[in-house]
Amino acid sequence: MNINLYDKNNSKSKKVSVGVLFTLLLTLFVGHLNQDPVTSADFASEIAKNTQRDTVLPPILPVRKHKKEKDLLDPAISKMWGLQSVQAIKAWNQLNIKGDRKIIVAVIDTGIDTKHPDLQKNLWVNTKEIPGNGKDDDMNGCIDDVHGCNFISNKGDIKDNHGHGSHIAGIIGATHGNGVGISGVAPNVSMMILKYYDPRAPGINNLVNTVKAIKYAVKQGAHIINYSGGGLEASPAERKAIEEARKKGILFVAAAGNEKSNSDIHGYYPADYKMSNIISVTAINKNKYVLPSSNYGAASVDVAAPGNNILSTLPGGQYGKMTGTSQATAFVTGVAALIMSRFPDFTPSKVIKHLTQTGDFDQRLSGKTKHKKRLNTYRALTILDSGVGVTGIVAKNMQNSPETKFSIESTTDRSTSATDETGLASFVKRMKKEISKNVKTADK
Ligand SMILES: [Ca+2]
Ligand SMILES: [Ca+2]
């Protein structure tokens, strides 16, 4: 069994043979599992098959510093084409929605730079844990897990030895208006950092760590799980853990994967488990085309979001660009956090429906995603808002907005107009219901 790791220096795929290492580690590993609340039976089949999860680690591109910057609050924000493209800045400014620290996003990845000036303010805090005393004060299986847990060591050391996790966290929730760097899509949020993978610790079963991380997020009350990794083989234990998350009303945002393949034919997991709380995300470039490296699927991929040359935070207080469905996934997570901050009672499936159906219709996504929609923050928040605040009728916003592609979908796209129109009509009906419910709640 080989796993593919991307060398960040030369971007070539390296094959690392883990067969021998795996055999050596198996004995240790099973012993470790016996002390874990997660039973070894849960993982028996995965261990036998050596199923893996791999965060696709793209090369990091250095960023040149420019002397003249327009936005002094976040000097590099103008270089974040993705933020403009998904209309996040417009949503913050015109709707005054920047999220809420009450919304907890679990970022299952390679860790984070906890001292980064653009990240440190938005870390989740486990108030039941006393920092640095070497004890598991809240008895949740992780020692000193103040901002999250490292599942390689079962301790709170969430240092990012690669950069991927810090990059993803920055896209979701870098601090806005603090005079440095960039801003995340949801600048007010709490990020629970769950480290499942470390390039310096090879041979660790990252699928098992993924499952532990999901279980931790469920137990500790996350609202959203961002998972920018995956693998070609399904795992019953992972599926079960995400099912537990679904029961708790936790949204699971998953990368469609960078295998260049059609996910309708070749599954990529966890994105393709077909569960109502999972949203699968593919990546587009500045010209709104799906990246050649990204997985796609008319039945299996839910939505497209920016994922090419994305500027975000890196360890050591740095910034850099990365490319892939990982980055696109983080954009969707950010918008989901904004929606949940605004409508805390939304179920995951309602958030998914909202994210996918309010996006910008784009024929270039034909055959690539379910609804041929690109993520749009402003529309995701206003199609509801307009109804609540102005007229109580969703349709007004959809027909009158010059940016709307909502109606275009049912008039110009002849080949699918019948089904799209039906879908649109029923969606409008449901949204109207939702709005009247919200109006009633607001009146109380
Ligand atoms: Ca603990
Ligand atoms: Ca900033």
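1. Helix H7 is followed by Gly249, whose phi is positive, near 80 degrees. Helices here are DSSP runs of H or I of at least four residues, and strands are runs of E of at least two, both numbered from the N terminus. The model is a predicted one, in which local features need pLDDT of at least 70 and side-chain atom pairs count only at pLDDT 80 or more, while totals for chains, interfaces and linings use all residues. Residues are numbered from 1 along each chain as its sequence is written, and chains are lettered from A and ligands numbered from 1 in the order in which they are written.

2. H7 itself covers residues 236-247 and reaches 16 Å from its first C-alpha to its last, close to the 16 Å expected at 1.5 Å a residue; the expected span is 1.5 Å times one less than the number of residues. Buried in H7 are Ala237, Glu238, Ala241, Ile242, Ala245 and Arg246. A residue is buried if 20 or more other C-beta atoms, placed from the backbone, lie within 10 Å of its own, exposed if 12 or fewer, and partly exposed in between.

3. The chain holds 13 helices and 15 strands. Of its 444 residues, 52% count as buried.

4. Helix H8 (residues 325-342) has 18 residues and a span of 26 Å between its first and last C-alpha, close to the 26 Å expected. Because 17 of these 18 residues are buried, H8 is largely enclosed by the rest of the structure.

5. Helix H5 (residues 164-173) packs with H8 at an angle of about 35 degrees, the axes being 8 Å apart. Axes are lines fitted to C-alpha atoms, for helices over the stretch in contact, and angles run from 0 to 180 degrees between N-to-C directions. The contact involves His164, Ile168, Ile171, Ile172 and Gly173 of H5, and Ser326, Gln327, Ala330, Phe331, Thr333 and Gly334 of H8; two residues are in contact if their C-beta atoms, placed from the backbone, lie within 7 Å.

6. Strands S12 (residues 310-314) and S13 (residues 318-322) run antiparallel and are joined by five bridges; pairing requires at least two DSSP bridges between two strands. Thr313 stands opposite Tyr319 in S13. Three residues lie between the strands of this hairpin, where Gly316 takes a positive phi near 80 degrees.

7. Lys49 belongs to helix H2 (residues 40-49). Lys49 counts as exposed because it has 12 C-beta neighbours inside 10 Å. Lys49 and Glu233 are 184 residues apart in sequence, yet their C-alpha atoms are 9.5 Å apart in space.
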